[in-house]
Amino acid sequence: MLIQFFYEFYYFLPLAFHKDSKPAQAKDLPPLSILVCAHNEVENLQELLPLLVQQEYPQPYEIIIIDDRSWDGTHVLVKEYMLEHPQVKLVRVKVEPEYMSPKKTAIFLGIKAAQYEHLLLTDADCRPVSLQWAQRMAGGFFGGGDIILGVSPYMQIYGFLNHLIRFETFLTAMQYLSFAKRGGAYMGVGRNLAYTKTTFYRNKGFASHIRSLSGDDDLFVQEAAKHSSVQIVIDPEAHTQSAPETQWRTWWKQKRRHLSAGRQYRKKEQVRIGLFVLSNVLFYVISPVLLAMQYQLPWVGVIIGARFVALYGTYLSVAKRLQDPLNWWLLPVLELGYYLNYIGIGISVLRTKKVRWK
C-alpha cells in the first residue's frame with residue numbers, strides 16, 4: 001500500500017498541476033518536418049492530410065509521407081496532394097528490409113529526407129485534435145527539449161473494450177509522462193512524438209535495437225534520454241487521437257507487439273514499472289483474503305478505502321488535466337481488467353519468440 005501511495009503522490013499527482021512551456025512569440029518556433037509512416041493507409045491519409053496541410057504553423061514546415069511498401073494507391077494520393085501543396089513530400093520504401101524492422105526503416109528514410117532539424121512524428125491512423133497541434137508540440141523545443149513527449153488518447157466509442165483500451169492508454173501515458181517529469185523518461189508514443197535530427201543521429205538512430213520489431217518510440221526514447229533533454233507537452237490542443245481496436249483479438253495482438261519491447265528495457269525501468277504493477281496486483285489478491293478472514297476488519301476497511309480515495313482522486317485529477325474523461329464508477333472494474341490483461345499478455349509475450357508488425 002505504501003508503494004502505491006508513493007507512486008500516486010510522488011509521480012502521478014504532480015502531473016495534474018503541470019504547465020507546459022510555450023514560446024512567447026511565433027518567431028521562437030523552429031522550422032518543422034512532420035513525418036508520417038503509412039502502410040496501406042490511403043483511407044486514413046484522406047482524412048489526415050487535410051488536417052496536416054491546414055496546420056496553423058507560423059514557420060516553414062514540410063509533411064513527409066513515408067509510403068512503406070503499400071499497394072493500395074497511397075503514393076498516388078500523396079502525389080495528388082503534392083501538386084497543390086508544395087510542403088507535402090513522398091518517400092517510398094518498395095522492398096522489406098532484411099535486417100531492420102519495416103517501420104524503423106521507414107522512419108530512418110523519412111528523417112534522412114527531412115529538410116529541417118526539428119521533427120514531429122505521428123501515424124497515418126492518428127488525427128491531430130486541433131490545427132494548433134504542430135505549434136503546441138514544437139513549443140517543447142522552445143522550452144529546451146531535445147525530445148518532446150506528447151499525448152495520444154483513443155477515441156470514445158461504445159463498448160467495454162473501448163473503456164478498457166482508453167483506461168490502459170491513460171494509465172500508460174500517466175506513467176511515462178510523470179516519470180519523465182521526474183527526470184526518468186523511459187518511453188513515448190510514436191503517435192505523438194518529436195525530437196531533433198541531432199538527437200536521432202547522436203543516439204545512432206535505432207542501432208541498439210535495430211532488429212527488434214517494436215521500439216521506434218519507447219526504446220529510442222529510453223536510450224536517447226540518457227544524453228538529451230526531455231520535455232512533456234500535455235496541452236489538450238497538442239493531442240492526437242486514434243480510432244481504437246474494436247475486437248479483443250486484434251487489440252491483444254497489438255498489445256503483445258507493444259509489450260514485447262519491454263524485454264529490452266533497462267533493469268531500472270523494469271523494476272520501476274514492475275513494482276507499480278506488482279503492488280496493485282497484490283492489493284487485489286490480498287484484500288479479498290483479509291476481508292474473508294475478517295482479520296482486523298475495521299483497519300482493513302480503512303486501508304482499502306484510503307487506497308481507493310488516493311488512487312482514484314489522483315487518476316481523476318490527471319484525467320481532467322489531460323481532458324481524457326474517465327468514468328469513476330467503472331474504475332475498479334477497469335483497473336482489475338487492466339492488470340489481468342497485463343499479466344496475460346506478459347505471459348504470452350514471454351512464451352513467444354517473435355511477434356510481427358504489419
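**Reading burial and ring pairs**

Modeller: I232 is buried, with a relative accessible area of 7%. The model is predicted, and the values discussed here are computed from it.

Biologist: In which strand is I232 found, and which residues is it in contact with beyond its neighbours in sequence?

Modeller: I232 belongs to strand β8, residues 230-232. Setting aside neighbours within four places in sequence, its contacts are L15, H18, D20, L149, L177, A180 and K181.

Biologist: How do I read burial along a helix? Which residues of α1 are buried?

Modeller: The general idea is that an α-helix has 3.6 residues a turn, so residues three or four places apart point the same way. In helix α1, residues 2-12, the buried residues are Q4, Y7, E8, Y11 and F12. Viewed down the axis of α1, they fall within an arc of 115°, so they line one face of the helix.

Biologist: What covers the buried residues of α1?

Modeller: The cover includes α6 (160-181), α10 and α11 (297-322).

Biologist: How is a pair of aromatic rings described, and how many aromatic pairs does the structure hold?

Modeller: Such a pair is described by the distance of the centres and the angle of the planes. The structure holds 32 aromatic pairs. One of them joins Y7 and F276; this pair is tilted, at 5.3 Å centre to centre with 45° between the planes. Y7 lies in helix α1 and F276 in helix α10, so the pair ties together parts that are 269 residues apart in sequence. Both Y7 and F276 are buried.

Biologist: What are the distance and angle for Y338 and Y342, and where do the two residues lie?

Modeller: Y338 and Y342 also form a tilted pair, with 5.8 Å centre to centre and 50° between the planes. Both lie in helix α12 (residues 331-351), four residues apart, about one turn of the helix. Y338 is buried at a relative accessible area of 6%, whereas Y342 is partly exposed at 26%.

How values were computed. Residues are numbered from 1 along each chain as its sequence is written. This is a predicted model: local features need pLDDT of at least 70, side-chain atom pairs count only at pLDDT 80 or more; totals for chains, interfaces and linings use all residues. Side-chain values use heavy atoms; hydrogens and water are left out. Buried means under 20% relative accessible area, exposed over 50%, partly exposed in between (1.4 Å probe, protein chains only). Contact means heavy atoms within 4.5 Å. The arc is that of the directions from the helix axis to the C-beta atoms. Rings of Phe, Tyr and Trp (its six-membered ring) pair if their centres lie within 6.5 Å; planes under 30 degrees apart count as stacked, over 60 as edge-to-face and the rest as tilted.
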